Amino acid sequence: MLKSPLYGVLGTALVATAVLVPGGPAQAVDSPDISVTNTKAHLDQLQSIATANSGNRYTGRPGYLASANWVKSKLDAAGFTTTLQSFSTSAGTSYNVIAEWPQGDANHVVMTGSHLDSVSAGPGINDNGSGSAGVLETALAYAASGQVPKNRLRFGFWGAEELGLLGSKYYVNNLPAAERAKIELYLNFDMIASPNPGYFVYDDNPAGNGARDDLKNYFTSKSIQTEYIDVQGRSDHAAFRSLGIPTAGTFSGAEEIKTSAQATKWGGTANTAFDACYHRSCDTINNLNLTSLDRQIDAIGYMIWNYAQKDYGPVTPPTGTNLIQNPGFESGAANWTGTNGVITNSSSKPAHAGTYKAWLQGNGSTSTENTGQSVAIPSTATAAALSLWIRIDTAETTTSTVYDTVKVQVVDGSTTTTLATYSNLNKNTTYTQKTFNVLAYKGKTVTVKFLGAEDSSLQTSFVIDDVALTTS
């Protein structure tokens, strides 16, 4: 966790008024007992990496890159789509590991993160190997669970936090505006196994009060008392908070002193630091409270399992003139370009209205198909939304594996942004409407594109109709 001279309020419980978040709190679902044994094994590995690399995992040094590569390898093996994002710092090149589970609505992203780097003085096993190991094990447990999320799950392991939150800042600053708008919640876990622990819940972003209250209520249900804390922008949620994204997280304490009242509440030793090895060489594998770790990772699991299924609702398109020409395909392929035969009046698949529609894939063989249209979005727009109706039927029987996909994309010059990806897992033989905020493209001429891809066997048909791009 980043050092801050302002961070002198740790021992004080903060009182805040709850703010109702659109969509309300997550609806509770069963969540697992995340394995503390597995999480401890991840921490043993991070200690081994530090030991083999001059005793630390500091940005710009071999121990950090080895840590990032190891985390990425674990996520790759579990089926995540991963990226090693590099960026420059005063200490040398650093890296973020970004991992996304390839299921769920990519228009609604629930993101969870932790910083992976240590200070130069030591291996950083509590700060913040503990948060990173907990987030990693929860991601791996979700991948192995067979759950099918409603929302897209994304995990970030940040570099150069100890140099000033550089990795998370780099990530959000390089996200296109349309991608930032998809992030519904960012959860941060930084130091969750302090040897003399407290149980603190972030309380520094009213937009995240719904998630904050869900964390507090989870601990209460386990008979664990908590205190709210304003961490004053000293961890990686700050970059997300600055963009108006809801954030929340937990923390078990750093260099501040546990009061007698807190020792009565949580056990441990009064008048002693929550973590006396904070930013020191003794922050090793022996500098952990496994009870705190176990409780905290179960809270991470609870939040991910529940927010994966949270109903964020559709974006309501503004009323206005539809900028898409031939939006229902009733004039055949007029105004649309792409793969021949995609736009059809075949009676094999119903249209949403009329007789024509765009029918992508359904071949039962390895192939890609697309159709798209160029559209100019006025610079004066105050709202802009792309909407479409989609029907998906498939011969695939799996409930957990993506084989065939269609992507809803916006092409802006040489940049292609995928607004959402639907797959054989999203099968629905009645039409459903999907809507996306595209105000970020006002003043530009872009191409709205639908791109299908199918594997070598068992068809999936993605049928799209009545496309609209409206502004106000």
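Start by selecting K265 and W266: K265 lies over the face of W266, at 5.1 Å from the ring centre (a charge sits over a ring if NZ of Lys or CZ of Arg is within 6 Å of the ring centre and within 35 degrees of the ring normal). This is a predicted model, where local features need pLDDT of at least 70 and side-chain atom pairs pLDDT 80 or more, while totals for chains, interfaces and linings use all residues. Residues are numbered from 1 along each chain as its sequence is written, and side-chain values use heavy atoms, leaving out hydrogens and water.

Next, pick K310 and Y312: the charged end of K310 is over the Y312 ring, 5.3 Å from its centre.

Strands (E, at least two residues) are DSSP runs, numbered from the N terminus, and two of them pair if DSSP finds at least two bridges between them.

Now show the whole sheet: eight strands, open, in the order β1-β2-β4-β3-β5-β8-β6-β7, with mixed pairing. β1 (81-89) and β7 (227-229) are at the edges with a single partner strand each, so one side of each has no neighbour in the sheet.

Notes. Helix = DSSP H or I, 4+ residues; strand = E, 2+ residues; numbered from the N terminus.
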